[in-house]
Every structure is written in structure tokens, then in C-alpha cells.
Amino acid sequence: MKFTIDWLKNHLDTKFNNNQIIDKLTNIGLEVESFESSTSELDTFIVAKIINAKTHPNADRLKLCDVDIGGDKTIEVVCGAPNAKNGLLTVYAPPGSIIPKNQMKLSVSKIRGVTSYGMLCSESELLLSNESDGIIDLKNNKYANKIGEKYFKNTSEKVIDLSITPNRPDCLGVRGIARDLSAAGAGKLKINKKSNLKYRGNQNINVTIKKEKVQGCTTFGSCLIKGVTNKESPKWLKDKIKSLGQKPISAIVDITNYVMFDLNRPLHAYDADKIDNEIIVRSSSKGESFEALDNKKYILENDMCVISDRSGVLGLGGIIGGTRSGTEYSTKNILLESAYFLPRSIRKTSKHLNIDTDAKFRFERGVDPLSIEEGLIKASELIKQICGGEISNLDVKKIENYKKTIINFDPFLFEKTTGFNVENKELIKILEKLGFNVSKNKKILKLLVPSWRPDITQSIDIVEEIVRIKGYEHINTSEPVKTRLKPTLNYYQKLFHFLQRSVASKGYLETVTWSFTDSKINQLFKENDQEIPIVNPISSDLNVLRNSIFPNLIFYLKKNLDRGFKDISLFEIGPAFKGKNPGDQLTVIGAVKAGKVSRLSWNDKERNVDTFDVKKDVIQSLCEAGIYKDDIVIDDKTPSYYHPGKSGGVYQNKNEKNALAYFGEIHPNIIKKLDINTESLVIFEICLDYIKESKQKIKDLKSEYKFSDFQKSERDFAFIINKNFKSQELVNIIKSVDNKLIKSVRVFDVFEGENIPEGKKSIAVNVTIQSEEKTLNENDLDNINKLIISSVESKSGAKIRS
Amino acid sequence: MSDIKKIKDDYIDKLNTENNIDKVNNIKTELFGKNGILSNEFKKLGSISVEKRKELASDLNNIKDELQNKISTKIQEIETKEINLKLEREKIDVTLPERDIEIGKIHPVSQVIDEISSIFSEIGFSVEEGPDVENEYNNFTALNTPDNHPARDMHDTFYLDNNKELLLRTHTSPVQVRTMLKGKPPFKIIAPGRTYRSDSDQTHAPMFHQVEGLHIDKNINMGHLKGCLNYFIKEFFEVDKIKMRFRPSHFPFTEPSAEVDIGYEIKNGKIVIGEGNKWLEILGCGMVHPNVLKNVKVNPSKYQGYAFGIGIDRLGMLKYGINDLRAFFETDYRWLSHFGFDPLDVPSNYRGLSR
């Protein structure tokens with residue numbers, strides 16, 4: 001909402017200066033976005049000085065000027081003026097400026113092969129005189145220290161731009177703003193002058209409001225103004241319209257706009273001679289159409305509120321008028337409309353047709369239903385004053401009466417809500433100044449809500465009015481109460497926190513990427529999940545919710561590789577969406593690792609990152625988050641975006657159905673499809689939701705501390721075993737030989753090939769044996785060895801290597 | 001006596017010039033071995049007279065001690081020399097680079113969420129969460145923003161179906177609804193998380209982060225709201241004093257509503273929070289609207305309280321001098337390394353919010 005202080009003072013007697021008014025507006029909830037002169041097309045013209053004028057290399061009559069325009073660098077401008085010379089002060093127009101004489105927009109252009117950035121101007125080009133022989137020669141004494149400043153003074157009045165919240169339609173008119181200011185003690189609201197308008201004759205165009213299933217209009221007021229001379233608006237009115245940031249059109253249109261911004265009372269003027277017999281306010285039928293004042297043709301649906309005559313639709317009530325009945329300079333007779341349209345209907349229609357107008361903006365928020373006559377009178381007076389003509393009696397058709405809102409307000413609610421007290425006397429004064437009618441019934445205030453405040457419906461709204469006008473600075477600051485109702489974080493929130501920092505500590509950079517992604521990339525990772533398209537995506541490459549955390553991670557990994565980074569570790573923790581309903585989401589960590597380990601190392605051999613790098617990272621992170629390593633089970637079933645032979649799933653224990661993590665190389669097809677350029681790419685993911693909540697705190701989980709000081713022995717074994725036999729199985733077999741004596745089993749060598757039969761491999765393990773009761777003798781150890789060998793051989797088909 | 005004295009002198013001379021550890025050991029054997037010279041001299045003691053024996057024995061013992069000392073000193077000397085020589089040879093260039101350090105980082109958004117959670121934890125708030133996909137009711141209607149309400153225009157919503165029933169939450173406020181529907185008052189929660197609006201330019205991203213706050217009890221009024229936010233802002237920006245302004249505003253789900261500005265100034269091209277005469281809007285808040293309480297089955301005549309919503313990304317930008325919101329979500333390795341936080345740098349009260 002834009003207006004000038006001047007305009008405000010039409011409604012408000014105030015001793016406040018501009019800054020006080022600005023502060024007050026913000027303090028009562030009418031946020032000032034800006035307070036500055038409206039921009040002018042002439043702002044771009046600036047004072048400049050020619051530093052060096054040399055002859056154009058390709059044209060004798062042109063000059064190439066280095067021009068100082070107040071910045072660090074000079075600008076090169078090609079100029080044809082004979083008077084362009086070193087030291088000349090003149091006016092410079094940068095590219096983008098519009099030259100007043102011919103309304104041409106300047107652009108950077110090449111003149112005879114040399115680029116010219118903007119133009120030096122003559123008086124005639126700026127419409128200052130007819131002098132066109134040379135560029136302007138500014139007087140040294142006046143302009144020498146103004147280089148870079150605007151040449152034209154911006155004389156327009158400063159404009160206040162308010163951001164009006166949707167609950168305050170009354171402040172979409174200057175009078176409403178003045179009323180709020182007066183309630184807040186910033187002056188006195190001026191009383192509207194009584195109109196002494198003389199009416200002649202009746203409004204003889206018949207108006208009917210049809211009762212409809214979906215009612216759009218309840219009141220339609222109008223009057224005829226006959227014998228007007230439409231013309232350009234007088235300067236004061238043009239200035240007002242311009243201060244709104246709008247273009248003056250004609251006196252009649254400008255007046256209706258002026259009244260709309262003055263009183264928040266939208267009006268519409270029809271050329272009465274173009275109306276076919278009568279006005280019918282009704283709902284449209286599907287397929288009806290009309291050409292609107294924005295020069296677009298609209299095809300209507302059912303149940304849109306239209307103003308029509310016998311020939312059809314004239315306009316959309318409260319939204320936009322039509323060209324067929326629009327006023328022109330030649331218009332002689334006017335039908336002026338002041339109506340009440342229902343917010344719901346306005347909003348629905350304008351949304352459907354995608355029309356936004358000042359009238360629509362106001363009606364959808366709620367225009368004062370009792371301002372019909374006031375608007376007609378104010379506009380008629382101005383029309384008569386500027387365009388002449390005779391005004392008919394006002395005709396107001398109604399199918400519904402305005403219903404008053406009455407609130408019984410207990411002043412105690414104010415203190416209960418705000419924490420401070422305001423005397424009843426002051427409270428009543430504030431409300432009365434805002435337009436409430438207040439009567440007292442013991443402790444309760446009976447409040448009649450002003451018709452221009454559709455937002456006020458209950459007691460809490462009254463509290464807000466009073467505290468807003470009184471000032472939020474009166475609210476006390478109470479020290480926060482530290483009472484706690486429950487622990488800050490629950491198990492999964494703690495887990496989130498732990499795992500996030502645990503993964504980061506393994507050298508991964510955390511990133512945050514969009515929850516949506518490109519369906520084409522998502523496709524590669526979504527497995528059996530249904531795709532979740534966004535109906536109105538921000539762009540076609542962010543058109544679905546991500547089913548997996550990887551599409552964006554891989555996308556950005558590629559971007560970083562393309563930036564020239566080679567060794568990259570990234571991770572994200574966030575949602576992966578499994579369905580389109582609320583809650584169909586999992587919290588997942590996804591991590592990617594690309595490139596080499598020990599690249600260009602002077603002491604270590606460099607190698608590609610591999611599956612066991614990420615396996616270490618994922619297992620260590622899980623252990624740090626409280627999962628027991630000894631319980632973890634690995635298998636080789638993984639989603640299809642993993643390399644089928646070089647990836648694994650991690651299970652919290654042998655009974656779990658869902659893998660809580662996967663790790664491994666990414667499928668080579670994906671690398672190829674996405675054109676990822678790296679030596680090696682391994683990934684892992686952890687699904688936090690699949691981690692089983694531990695019901696016990698760590699203090700309850702710690703088992704008894706036991707240790708043995710008896711001598712421990714280590715024995716090495718090498719087995720020849722089927723190539724596909726899993727080392728995890730072998731280790732388990734060995735451990736199960738004697739859970740008490742066998743303390744650890746470590747695989748220290750695996751190989752195939754030379755000396756090993758086709759389809760077999762050799763696995764070497766180191767077994768630590770220790771008793772908690774005695775030192776084992778050779779005999780004991782031999783027995784265990786034999787048992788290990790026989791168990792492994794019988795359970796796995798392996799053979800001990802001799 | 002002179003014999004053994006001579007032996008002693010000879011061997012001392014020998015040892016003085018000897019630098020080879022093996023040869024020193026040989027000398028030791030020559031003197032003290034089974035048939036060593038001194039050992040033999042000791043053996044002879046038995047065959048001489050008692051008087052002489054005493055004297056000779058004492059001399060022999062002295063000589064023995066002297067020689068033994070000499071030998072062990074020598075050995076030590078040589079060993080030290082050898083170790084020093086060895087160490088000299090083994091010297092490496094320690095300025096050569098160490099093995100690669102892999103430095104991981106925590107994203108500023110995560111760090112700021114942890115900072116916020118830590119601050120509110122201190123005053124008794126617990127953390128709640130809600131889904132990113134919401135239904136229309138929780139995101140709007142329950143929050144007193146019925147369909148056809150112009151306030152909905154302030155939120156450019158992403159929809160998942162044509163009936164506009166399912167959407168990406170436009171704010172964290174639906175967590176209020178979920179929390180109150182599933183529990184009984186009092187409530188004292190914050191809810192950080194992702195939020196979405198179909199808006200994209202220099203200062204807006206289609207996804208951003210908010211933290212919702214809700215405190216409902218029997219006598220919670222606007223003074224508590226002011227106190228809570230005042231505390232939070234001071235703690236968050238880690239300043240002693242903060243210039244703060246509560247300004248009336250409008251949100252459909254709070255009444256009265258306020259926006260909070262903090263004072264700032266630009267010093268040497270950097271933003272300084274807490275001072276100066278410029279205002280920066282940082283959050284919206286208010287007393288939970290009775291209509292909202294009714295919608296979530298809380299009796300507004302018994303319970304009341306406040307709610308607030310803070311833009312997390314914006315707070316992070318202000319605190320850590322980050323200019324471009326879009327960069328938060330662009331995964332530029334350089335940016336993440338530069339603005340990221342060490343994983344061990346966990347915000348907490350006792351260790352300090354930030355380093």
C-alpha cells in the first residue's frame with residue numbers, strides 16, 4: 001500500500017514529523033517497507049566530464065571520449081558533437097536510459113566498429129531546449145564537483161510503502177491508516193465533510209442482483225452522471241496516481257482509483273451509453289466470455305460473479321471491467337458502480353482465471369460493506385468538479401443486510417494474555433478511536449465492531465487491537481522458566497546426532513541437498529518405491545521427491561568432480577521418501593567416497609578407494625553410535641544401484657529382517673549413465689529407522705568386567721575352501737568350537753590362483769586362545785587345534801593347508 | 001705387586017685407545033674370564049702367606065674394581081657413540097608431509113540446529129519432529145488458515161496431488177498441531193526441520209529450515225514469550241546485550257502476533273548484531289490462537305501460550321557471515337570446507353555454544 005504524507009494529512013491532523021509517523025506506523029503493525037521518492041525515468045541521467053576526446057579511428061567526424069562518470073573507471077562513449085572536448089562537463093546517459101525526446105531506450109552499441117557505452121546528451125534530446133548542435137555544456141563552477149550525481153532533481157514527494165497484513169483490508173485505504181494513527185495518539189482523524197451534492201433525476205438503468213447458488217454479490221449501488229467531459233486529470237490527481245506507482249489514464253478512471261486508495265472503496269465506471277438496457281448481477285455459465293480491460297479475453301466457468309447486460313458479460317464483479325463498456329475520452333454519460341462482493345467468490349474466480357487487480361486484492365480481503373454510498377458520493381463529487389455533469393439519485397440494490405458483530409469483552413483477558421494491565425478508561429478510548437462502539441455492562445464491555453474490520457470476530461482480536469495500539473514495548477520481559485517436562489532428545493534424535501557427527505569424523509563433509517530431485521536420476525535409485533511427483537515443481541529437474549538419498553548426492557558429487565576435485569567424501573543425513581503420505585519417509589545417512597587413498601603420497605602407495613574403506617566407516621560409525629560389533633551380521637544382498645559383487649548389507653544381529661546399512665561400490669551402469677569421471681566410487685547408507693531402540697541406558701547395559709591373566713596362545717590356520725564360501729561363516733564356525741576359549745579370530749590372508757585349485761581360495765586365520773581358569777598346556781592346545789580343523793572341514797568342506 | 005700394577009697400567013692404556021666394543025669385551029675376558037689374567041692372580045692368593053695375602057688381596061681388589069669400572073665406562077662410551085652415530089644416520093626430514101588428514105565437516109545448518117536445541121534445552125524445551133509431507137489440514141486449516149484465506153498466498157505451496165490435499169509443509173507449525181493432538185498440555189517443545197515454498201531467487205530457496213517453538217501452560221503470557229526469545233537471541237549470538245524490537249504483525253495461527261527485529265549495523269563491510277540503528281527481521285511469533293487450541297482439543301479457557309517460528313538458515317547466515325542462502329544447498333566442496341564445523345565441536349552449554 002503506497003501513499004504520501006501529504007495524502008495522509010487529508011485525513012489526519014497531526015503534529016508528528018515524517019520520521020515520527022514512520023516509526024508509529026511500524027509500531028502499530030503497519031510495517032513500513034520503504035519511504036523514498038518514487039523513481040523517475042530521468043534518474044539515470046548524470047553529470048559527467050570528458051577526460052579525453054580523440055578522433056574516432058574509422059570516422060573523422062566522430063569522437064571517442066573517455067568520460068568520468070564518478071566511478072573508479074572512465075567510460076568510453078562515441079560522440080558526434082563538434083563541441084566534445086577535453087574537460088567539458090556534460091550530461092551522460094548510461095545504457096538502459098530512455099531519451100526523453102524520442103523515447104528510445106539506449107543500449108550498448110558499436111558505432112563504426114567501436115563500442116559505445118551510453119551517450120552524451122544535447123539539450124534538445126533532454127527536451128530542455130531546441131539546441132541540438134552540440135552536447136550540453138555545463139557551467140564549471142556549478143557542476144565541477146557534482147560528477148556522477150543525478151542531473152535532474154527528483155522533485156516527487158516521498159512515498160510510504162506499507163506492507164499490509166491480509167487481516168487489515170481497512171488499511172488498504174489512506175483513511176484507515178489515518179484512523180489507526182489517530183488511535184495511537186499520532187493526531188486526530190479529520191471528520192469527513194458533509195456532502196452538499198445536488199442530485200438530479202433517477203438512476204434509470206435497471207439493476208438486478210440475482211439470487212444464486214453461490215452468491216458473489218450482495219449489494220450493488222450506482223448512480224448515473226450525465227454530460228461529462230472526460231479528459232486528462234489535473235496535476236494534483238495525476239501526482240497522487242503517480243505516487244501509487246501507477247500511470248494516470250483519464251480523469252474518470254483516475255478518480256475511481258483515487259477513491260479506492262483513499263477509502264479502500266473500489267468503484268467501477270461504465271460508459272452508460274454502451275450498456276444494453278439493464279444491469280444484471282449474476283453467476284456466469286461455463287463458456288461465457290468477455291474481453292477485459294487488460295486486453296485479454298477470459299472464458300468463464302460456472303458460478304463466477306459477473307456484471308452483465310442484455311448482450312452478455314460486461315465484467316467480472318469486483319475483479320476487472322470489460323472493454324465493451326469501458327470509459328473513453330469521448331464518454332458522455334457514466335454509470336458509477338459501488339458494490340459489495342463476497343471475498344470467497346472473488347478469491348475463487350480470480351485464482352481460477354489468474355487475475356490480480358487492486359480491486360480484487362481489496363474485495364478478497366474484505367471491503368467495508370457500509371461504504372457503498374460514501375464511495376459513490378466522493379467519486380461523484382470529484383467527477384462533477386473535474387469533468388462536469390449531473391448526478392442522479394443513488395440507487396442501492398441489496399439482497400442481504402449487513403450483520404453487525406458484537407463482542408462481549410472481559411478486560412481481564414487483556415492482562416491474562418499480555419501480562420500487563422491497561423486502565424479501563426484508556427482501553428475504551430483506544431477502542432473508540434478505532435471505531436468501536438463501546439457500552440459497559442458491569443465488568444464486561446459490549447463492543448460493536450466497526451463494519452470495516454471483518455478480521456475482528458472474538459475477544460482475543462480485541463486484546464490484539466489494544467496491545468498493538470498501546471505498544472508492544474509495554475509488555476514485560478519475564479525470565480524464562482527452566483522447568484523441563486521431558487528429556488530434550490529421544491533415542492532416535494540422539495542417534496541422529498551421534499551418527500551425523502560420527503560419519504563426519506571419518507572425513508566426510510556434510511551437505512544438505514533438496515528433498516526433491518530429478519526423476520531421471522531418482523529412477524536409478526528408487527528400487528521398488530513409487531515415484532512421488534510434485535504437481536507444481538520449481539523446475540523440471542526437481543520434479544519428484546527423492547526416494548533415496550543418493551540422487552542429489554551423486555549429482556553434486558559429479559559437479560564437484562567436474563570442478564576438478566578428485567578425492568571427495570560427502571554425506572547427507574535427511575529424509576528419503578517412500579510414499580506420498582505424511583510419515584512415509586525414512587531418515588537416512590547417505591555417504592559417497594570417490595577417488596584414491598594416498599594420492600601422490602611420497603611414502604605410501606596410492607590406491608583406489610574401495611568397498612572395505614566404506615565398510616570400515618559404516619561399521620565404525622555404527623559401533624560409535626552404540627551397536628555391538630560382535631552382533632553385526634553382513635550379507636551380500638544389496639539394492640540394484642550397488643555393484644552386485646562388491647557390496648554388502650549390515651544387520652544389527654542375526655535375527656533382523658531389515659538391513660540397517662549397505663555399503664559397497666556403486667553399479668558401473670550408473671557411473672556410465674551419469675557420466676561420472678572418477679577412478680573409483682564407493683558409497684554407504686544407514687537407515688536410522690531400522691536401528692532397534694535400546695530400552696536400557698548405558699549404565700544398565702554395561703556387563704560385568706571380566707578379564708583373564710592366564711597365558712594366551714595364538715595359532716595360525718590356512719584353509720582351502722570354496723571360492724564363494726564367506727569368511728564370516730568360517731570365523732563363526734571357528735568361534736563356535738569353543739566360545740569360552742576362543743577369544744578372537746582374525747582373517748589375515750586371502751588369495752586365489754597359483755597353487756590353489758580352480759574355484760577355491762585360501763583363507764588364513766589367526767586364532768587367539770585363552771582360558772579364564774588356567775594356563776593351557778600343549779595337550780589342551782593340540783586338542784583345540786584338532787577340533788578347529790575338524791569342525792571347519794566338516795562344516796564347510798574346507799581342507800587345511802599342510 | 002709391581003707385576004699386577006704393570007698389568008693394570010697396560011690394560012688401562014689399551015682401553016683408553018680402544019674403540020671397538022668387541023675388543024673391549026675381549027679384554028674383559030682376557031682379564032676376568034675363567035683363565036683370565038686377574039682371575040689367575042686371585043687363584044694364586046691361596047698359595048701365599050697370610051700377611052702377604054691380605055695386602056695382595058686388597059691391591060688386587062682395587063685393581064679389579066678400577067679395571068672393571070674402566071671397562072664398563074668404556075662400553076657405555078662406545079655404545080653411546082654408536083647409538084648417536086646410528087641416530088645421526090637415521091635422521092629423516094620431518095618437514096615432509098604427514099599422511100593425508102581427512103577432515104570431515106558438519107554443515108552450518110546442522111550446527112545451527114544443534115546450537116538452537118542446546119539453548120532451548122537449557123530452559124526446558126524438548127525436541128519434536130514432524131513429517132516433511134503434510135496434509136492440508138495440519139499445514140493450514142488446523143492453523144486457522146482455511147482455504148480461500150488470502151494468508152495462504154503468503155505461502156507458495158508445493159503440492160503432491162491435484163486436490164491440494166497433500167503438500168510439502170510450508171512451515172514447521174504443523175508440528176504444533178501434531179504434538180498437541182497426540183498429547184496433553186502442558187507443552188514445551190521446539191521443532192526444527194526442513195520447510196518448502198515454491199520460491200527461488202537470491203534470498204529464497206525452495207527448501208529452507210525453520211524451528212518452531214511452542215509453550216502451552218495455564219498462565220503463559222506475552223511476557224514469557226518476550227523473555228524466552230530475548231534469552232534465545234542473546235545466547236545464540238553470544239552477546240551480552242541485544243537490541244530487540246517486538247512489532248505487531250499478523251499470522252492466522254497466533255493472536256496477538258508479532259515480528260521480532262534485532263538491531264544491527266554495518267562495520268567495515270561486516271554486519272554487527274545487537275547494536276546500531278538498523279533493524280533486521282528474524283522471526284515471527286505470538287500467542288497461540290484460541291481457534292488453533294480448539295482444533296487440537298486443548299481448552300483455550302484453561303490453557304494458553306506462545307508459539308514462534310524462526311528461519312534457521314537466516315540465523316546461521318547472520319551469525320557466521322554467510323551471504324548467499326542458495327549456497328547452503330549447492331554442495332560446493334570449497335564452501336562446505338570453508339563454512340563447515342568440526343564434528344567434535346558439539347554445541348553445549350558447559351563447553352560453550354561455539355568455539
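**Entry 1: two helices in chain A**

I looked up how α7(A) and α8(A) cross, and the crossing is left-handed. The model is a predicted one. Next I took the geometry. Helix α7 of chain A covers residues 343–353, and helix α8 of chain A covers residues 358–365. They pack at an angle of about 135°, with their axes 7 Å apart. That angle is why I note α7(A) as oblique to α8(A); angles over 145 degrees would count as roughly antiparallel.

Which residues of α7(A) and α8(A) meet? From α7(A) I listed A:P343, A:I346, A:R347 and A:S350. From α8(A) I listed A:K360, A:F363, A:E364 and A:R365. I sorted the residues of this contact by class: 3 are nonpolar, 1 is polar and 4 are charged.

**Entry 2: a sheet in chain A**

I moved on to an open sheet of 4 strands in chain A. I read the strand order as β42-β43-β41-β44, with antiparallel pairing. Strands of a sheet pair through backbone hydrogen bonds.

Which strands stand at the edges? I found β42 (742–751) and β44 (799–800) of chain A there. Each has a single partner strand, so one side of each is left without a neighbour in the sheet.

Then I checked one pair in detail. Strand β41 of chain A (residues 713–722) and strand β43 of chain A (residues 760–769) pair over 10 bridges, in the antiparallel sense. I also noted that A:S713 stands opposite A:I769 in β43(A).

**Entry 3: helices across the sheet**

I looked for helices lying across these strands. Helix α19 of chain A (residues 727–737) lies across β41, β42 and β43 of chain A. It runs at about 150° to β42(A). Helix α20 of chain A (residues 778–796) lies across β41, β43 and β44 of chain A. For α20 of chain A I wrote down an angle of about 20° to β41(A).

I turned to chain B. The domain assignment gives domain 1 (2–90) and domain 2 (108–339). The C-alpha centres of these domains of chain B lie 89 Å apart.

How many residues of chain B are in contact with chain A? I found 70, and they touch 75 residues of chain A. Several elements of chain B give two or more residues to this side, including α5 (108–122), β4 (187–196), β7 (254–267) and α11 (333–339). The largest share, 8 residues, comes from α8(B). By class, this side of chain B has 34 nonpolar, 24 polar and 12 charged residues.

Definitions and conventions: Residues are numbered from 1 along each chain as its sequence is written. Chains are lettered from A and ligands numbered from 1 in the order in which they are written. This is a predicted model: local features need pLDDT of at least 70, side-chain atom pairs count only at pLDDT 80 or more; totals for chains, interfaces and linings use all residues. Domain bounds come from an automatic or database domain assignment. Two residues are in contact if their C-beta atoms, placed from the backbone, lie within 7 Å. Ala, Val, Leu, Ile, Met, Phe, Trp, Tyr, Cys and Pro count as nonpolar, Asp, Glu, Lys and Arg as charged, and the others, Gly among them, as polar. Axes are lines fitted to C-alpha atoms, for helices over the stretch in contact, and angles run from 0 to 180 degrees between N-to-C directions. Angles under 35 degrees count as roughly parallel, over 145 as roughly antiparallel, 65 to 115 as roughly perpendicular and the rest as oblique. A crossing is left-handed if the near helix is turned anticlockwise from the far one by less than a right angle, and right-handed if clockwise. Two strands pair if DSSP finds at least two bridges between them.
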